[in-house]
Amino acid sequence: MENDIVITKMLPDDIPQIQELYRELLEEICPLSTMLENYRHTTGRSDCLPIVAKKGNTILGTATGFVCTALDAPFMVVENVVVRKDCRGMGVGRKLLEYLDTFAIKNNCHYSLLVSSGFRKDAHRFYEAAGYTDDVRGFRKIY
């Protein structure tokens, strides 16, 4: 199956399937119109790369990388990593993160970071296997 997976930049037509993916992860789902508006806001920006993993026309996973520039160095923030439950353990997430690693390196990022909810222990093991370490504590403030 892994050889059939294609990683590509997200397209507007992908958004309805991505909304369904988010249902597997989040209690409240953003309206489709808001997701499309936010997608349009990121399209064409060189510092943002929303991607999807596809097999044919079916989206198996998604992730987005944002390049940020601090005074000392650029870095990448990885957001919204979601893989369909029935596709986990098949290399989809690894391919998504590898694609974002290439984007980060191309943008001279010194490191990449992501935040994951404390209860997602399987996801944490996956992120550690992908090279992320847990020696940094993340915090999130919700508005």
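**Cysteines and core**

Modeller: Cys109 is buried, its relative accessible area being 15%. The model is a predicted one. Cys109 takes part in no disulfide, as the nearest cysteine sulfur belongs to Cys68 and is 8.2 Å away. Cys30 is partly exposed, with a relative accessible area of 30%. For Cys30 the closest cysteine sulfur is in Cys48, at 15 Å, which is too far for a bond. A disulfide would need the two sulfur atoms within 2.5 Å, and by this rule the count is zero.

Setting aside neighbours within four places in sequence, Met76 is in contact with Cys109 and with other residues, including Gly65, Phe66, Val67, Leu100, Phe103, Ala104, Tyr111 and Leu113. Asp101 and Ser112 are also among the contacts of Met76.

Met76 in turn belongs to the largest nonpolar core, which has 24 residues. Met76 is among the residues with the most contacts inside this core, together with Ile51, Val78, Val92, Leu96, Leu100 and Tyr127. At least two core residues come from each of strand 2 (48-55), strand 3 (58-69), strand 4 (74-83), helix 3 (92-106) and helix 4 (121-129). Helix 3 gives the most, with six residues. As a general point, nonpolar side chains in soluble globular proteins tend to be buried together.

Methods:
Residues are numbered from 1 along each chain as its sequence is written. This is a predicted model: local features need pLDDT of at least 70, side-chain atom pairs count only at pLDDT 80 or more; totals for chains, interfaces and linings use all residues. Side-chain values use heavy atoms; hydrogens and water are left out. A nonpolar core is a set of buried Ala, Val, Leu, Ile, Met, Phe, Trp, Tyr and Cys residues joined through side-chain atoms within 4.5 Å. Buried means under 20% relative accessible area, exposed over 50%, partly exposed in between (1.4 Å probe, protein chains only). Helices (H or I, at least four residues) and strands (E, at least two) are DSSP runs, numbered from the N terminus. Contact means heavy atoms within 4.5 Å.
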